[in-house]
Amino acid sequence: MLGYWLIESGEKERLMELLRERLIECGWRDEMKALCRSFTKKKGRENVTVDDLVQVITPKGRASVPDSVKAELLQRIRSFLASAAL
Amino acid sequence: MTTRNPLYTNPKPCKHLSDYKLKHGLNGYKCLQKCLKSTPNGRTSVEKLNTKIPNCSSCNGYQGRLYFCMICSSISCSDHSSMHTQSKNGHDIAVDIERAELYCCVCCDQVYDPDFDKAVMSKHIIDMPSTENGVESIGERLCKRKRLDLGTDLVDSKKSRQLVLMKDPRAKSCYPFGLRGLNNLGNTCFMNSVLQALVHAPPLRSYFLSNQHNPDTCRSRSADRLCLSCDVSGIFSAIFSGNRTPFSPVQFLYSWWQHSANLACYEQQDAHEFFIAILDGIHEKEAKRMNQQRENGDCQCIAHRVFSGQLRSDVTCMTCGFTSTTYDPCVDISLNLDSSNHSLTEVVNKPGKPNTSSSSSTLLGCLDLFTKPEKLGSDQKLYCQNCDEMRDSSKQLSIRRLPLVLCLHIKRFEHSLVRKMSRKINSYLRFPFSLDMTPYLSSSIVRNRFGNRIFAFESDESDVSTEFEIFAVVTHSGTLESGHYVTYLRLMDQWYKCDDAWITEVDEGIVRASQCYMVFYVQKRFYHKANENLSCLPISPQREPFHSIAGFC
């Protein structure tokens, strides 16, 4: 239900934007791009689908998100919950 | 930095996409346009009009990627997309809702169609609001990380500076080769400053010092006609002769007056105008000499080989989104100052309220401004091929090809025809010593405008290096009527101030704090090669007695 509320209020959109910005700033997106490139090089361009790439980089991506980014977003969600509960 | 594949071509559509196109053509795309929505950041997504939260018709899930069927408009999640196409024959092509990208449910992969991207982008352009000051510029964002790295560079340069200061200050002959003052012949500091910068442009230096333009064999000169290139060659010889006493470039001045008769006087001139004139002079003589009238090829004269780049101009119709592109050559880039802190009305600082408009001006900010889309006024309507009418348009500039030496000219002299007055803008502009031009290339600008849309990738840019190092700054101090030009040169990572006849070693802090007017950057590989060459040359061919007249202080 929380997810539903987040989207409904438009907060999810804002959080996504914030997350995108932070991940670009810290170089995470570039790292993921590099991973995709090396995977595509290995397999060959014609033999890779978007789904493959998503499957390959998701675990690495989740693991390499900086703690500061996680903390900031958690804080935002907490404040949102607090304001929504009122 | 990854190299671009020059042979990039659009990916071929899969069988299912081709079948869809054959059956439905562009109708589906046109209907989809009504459902598209763009955010100010440039992200386009599909926003269905009935439900706010899209969910999968099979499992009601709303997380992860959701695909919107182009034929029946039903929504499936990534787990159930193949199920949909199995149950409904021919319902293969869908659109990723969050990203507005085509997806083939049979191939389980993203597919690409230039027509689809065109449809998306046309809607996108119409939706996009004008970028406000709040949105961080693309250049700034991409360079943020690079700027954080600069911290370590500064520390190292401090150490090397200490080593330099420990050297014996009396040993002036330890100055590198090619530093020689130029006497002021009567308000000719505009000329001296530009000459100092040109003499130390690595590709120009290599060309003239290797005698590729030989005054003895020059045809123009032997026919008793003056040749600007010969005189430039003369300047090089004089400066690199090893003689440290200040040189008077009389022959050159005389020659230049012949070339630009309308500027022949002892009044102060604009250094940038002089720079353009001298390149033009070299080009004229060399082009005649080489007898080249190549229309489609690039001019091979040394001036153009070194300074010539190419700009791309995209004009977009605000009604239908159609964009037309033109290319123009350029020998330098003139930039307007980016911040609003040069307005004549001062904004009073209310206590407690930070003045947000007083952010400092940076060179990168000026480049961002240069490549920002500009909405042309309704009095500047342009013809749109698609609409067959004059329409409101927006224009965006970008750099298609970078030159070997990049001259960035800061427009500090404002001439207002309306108010019939001219004034100089004195605001400080922060400029970097290392410059990566990637964000301002046509490929970057176009890609940022259109996201990863396919047709934007079709570029024929060759693998070119975009990293530049500064080697000279021409600065201006004073007012429009009475001002003074001074050039700072960077040789072997040490800065020297060239103030007419006086050459002094200076701290890089002085250079950073100066009021730049023309900033000269050279491609990184040339900069390092030039440093190598300098360090191989003898520091001074002969030990000369130290002259206490105007020269090295």
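Two residues are taken to be in contact when heavy atoms of theirs lie within 4.5 Å. The structure is a predicted model, in which local features need pLDDT of at least 70 and side-chain atom pairs count only at pLDDT 80 or more, while totals for chains, interfaces and linings use all residues. Residues are numbered from 1 along each chain as its sequence is written, chains are lettered from A and ligands numbered from 1 in the order in which they are written, and side-chain values use heavy atoms, with hydrogens and water left out.

Chain B has 16 helices and 25 strands, taken as DSSP runs numbered from the N terminus (helices are H or I with at least four residues, strands are E with at least two). Of the 553 residues in chain B, 45% are buried; the accessibility classes are buried for under 20% relative accessible area, exposed for over 50% and partly exposed in between, with a 1.4 Å probe and protein chains only.

The nonpolar interior comes next. A nonpolar core is a set of buried Ala, Val, Leu, Ile, Met, Phe, Trp, Tyr and Cys residues joined through side-chain atoms within 4.5 Å. The largest such core has 56 residues, and Leu204(B), Phe252(B), Phe275(B), Phe307(B) and Phe520(B) have the most contacts inside it. Helix α6(B) gives the most to this core, contributing eight residues. Once neighbours within four places in sequence are set aside, the contacts of Phe520(B) include Phe275(B), Phe307(B), Val405(B), Leu406(B), Ile470(B) and Phe471(B). Another core, of 35 residues, lies apart from the largest one, and Phe370(B), Ile470(B), Val506(B) and Val519(B) are among its residues.

Helix packing can be followed through α9(B). Axes are lines fitted to C-alpha atoms, for helices over the stretch in contact, and angles run from 0 to 180 degrees between N-to-C directions. Helix α6 (residues 189-199) of chain B packs on helix α9 (residues 228-239) of chain B at an angle of about 75°, with the axes 11 Å apart. The two helices α6(B) and α9(B) are therefore roughly perpendicular (angles under 35 degrees count as roughly parallel, over 145 as roughly antiparallel, 65 to 115 as roughly perpendicular and the rest as oblique). Leu195(B), Gln196(B), Leu198(B) and Val199(B) of α6(B) meet Ile235(B), Phe236(B) and Ile239(B) of α9(B) in this contact. Six of the residues in the contact of α6(B) with α9(B) are nonpolar, one is polar and none is charged; Ala, Val, Leu, Ile, Met, Phe, Trp, Tyr, Cys and Pro count as nonpolar, Asp, Glu, Lys and Arg as charged, and the others, Gly among them, as polar.

Helix α7 (residues 202-209) of chain B also packs on α9(B), at an angle of about 95° and with the axes 10 Å apart. That angle makes α7(B) roughly perpendicular to α9(B). On the α7(B) side the contact is made by Leu204(B), Arg205(B), Phe208(B) and Leu209(B), and on the α9(B) side by Ser229(B), Val232(B), Ser233(B) and Phe236(B). The contact of α7(B) with α9(B) has five nonpolar residues, two polar and one charged.

Turning to charged pairs, 18 salt bridges are found over all chains, each being a side-chain nitrogen of Lys or Arg within 4 Å of a carboxyl oxygen of Asp or Glu. In helix α2 (residues 11-25) of chain A, Glu17(A) and Arg20(A) sit three residues apart, about one turn of the helix, and their side chains form a salt bridge (2.7 Å, N to O). Glu17(A) counts as buried at 19% relative accessibility, whereas Arg20(A) is partly exposed at 22%. In chain B, Arg312(B) pairs with Asp314(B) in a salt bridge whose closest N and O atoms are 3.0 Å apart. Arg312(B) is buried at 17% relative accessible area, and Asp314(B) is buried at 1%.

Ser313(B) counts as buried at 10% relative accessibility and, not counting residues up to four places away in sequence, touches Ser324(B), Thr325(B), Thr326(B), Lys395(B), Gln396(B) and Leu397(B).
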